[in-house]
Amino acid sequence: MDRERLYRTEAIVLRGSDFGEADRLLTLLTPEFGKLRVLAKGVRKIRSRKAGHLERFMRTSLLLARGRELDVISQAEVIAAHPHLREDLIRSAMAHYAAELAEIFAPEGEESRALYRLLADTLDRLDMEEELQRIVRYYELHLLEIAGFRPQVEFCVGCGEPLREERGPYGFDPPRGGVLCPRCAPRFPAARPLSRRALKAMRFALRSPYSAFRDAPFSPQTLQEIGELVGRHFLAILERRPRSLAFLSELTRASLAGGKLSAPEDQP
């Protein structure tokens, strides 16, 4: 094969769909080329050597050959398998959500190192750590920052004044992209209440490395409050909710009620 057609990259498998009798179309996130759609030929055959290196959520080193319409995977070697993300329902649901957001916001064919590193670290954490809600909150806020939609948590989006330490309640207005001070919040009926504790947690997450946020004493209730508000922020940006977020919310309710759900199916 012509060496000029070949190139290497690290990639995270965001999702895949069957193609033909034995092939699979994969959507990847890469650091150098952003989002890529590639073809894994013969990967669904029983004896395929590449199959075990190209499962969803895996981080893999790839050798690809450029094609007319789709590039083709020539070699694959797994770097991080993340087995728990396919075995554990809650971890799987959160990984689906993280991968869907990355696919939505990743540029096609353009360098995306910051987003790639964020997703890689997040999948590592979801695979190994226990406080899953905290991991996802940190991911959401930093993904918004990378994508240029960082919520405004330093100045009031109503009057423009710096947000000071007040009893509150503050407001969060997704269409305006951030927080309202206690004086402005009543003037915007569509704004959602925001507690002082949740505002502090959002600020801390955006300013801090993950290790500091992981060890900070924020309660599950505070993290849940942030998640609901960030979900509204995504809705204002995308004009729809991420498809995997609906399942994740349903899973949370079912777990609280002692119910059971099936794992989400891959989307084509």
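Biologist: Which residue in β3 does Arg24 stand opposite?

Modeller: In this predicted model, Arg24 stands opposite Ala40 in β3.

Biologist: What makes strand β2 and strand β3 count as a pair?

Modeller: Strand β2 (residues 23–30) and strand β3 (residues 34–40) share 7 bridges; since pairing asks for at least two bridges, the two strands count as paired, and their sense is antiparallel.

Biologist: In what order do the strands of the closed barrel run?

Modeller: The barrel has 5 strands in the order β1-β2-β3-β5-β4, and its pairing is mixed; from one strand to the next, the twist averages 50°.

Biologist: Which strands does helix α2 touch, and at what angle to β1 does it run?

Modeller: Helix α2 (residues 89–105) packs on the sheet and touches β1 (6–19), β2 and β3, its direction making about 115° with that of β1. Helix α3 (residues 113–128), by its side, lies across β1, β2, β4 (59–65) and β5 (71–80), and runs at about 60° to β1.

Biologist: How many disulfides does the structure hold?

Modeller: The structure holds 0 disulfides. For Cys156, the nearest cysteine sulfur is that of Cys181, 3.7 Å away, whereas a disulfide needs the sulfur atoms within 2.5 Å, so Cys156 is in no disulfide.

Biologist: Why is Cys156 called buried?

Modeller: Its relative accessible area is 3%, and buried means under 20%, so Cys156 is buried.

Note on methods:
Residues are numbered from 1 along each chain as its sequence is written. This is a predicted model: local features need pLDDT of at least 70, side-chain atom pairs count only at pLDDT 80 or more; totals for chains, interfaces and linings use all residues. Side-chain values use heavy atoms; hydrogens and water are left out. Helices (H or I, at least four residues) and strands (E, at least two) are DSSP runs, numbered from the N terminus. Axes are lines fitted to C-alpha atoms, for helices over the stretch in contact, and angles run from 0 to 180 degrees between N-to-C directions. Contact means heavy atoms within 4.5 Å. Buried means under 20% relative accessible area, exposed over 50%, partly exposed in between (1.4 Å probe, protein chains only).
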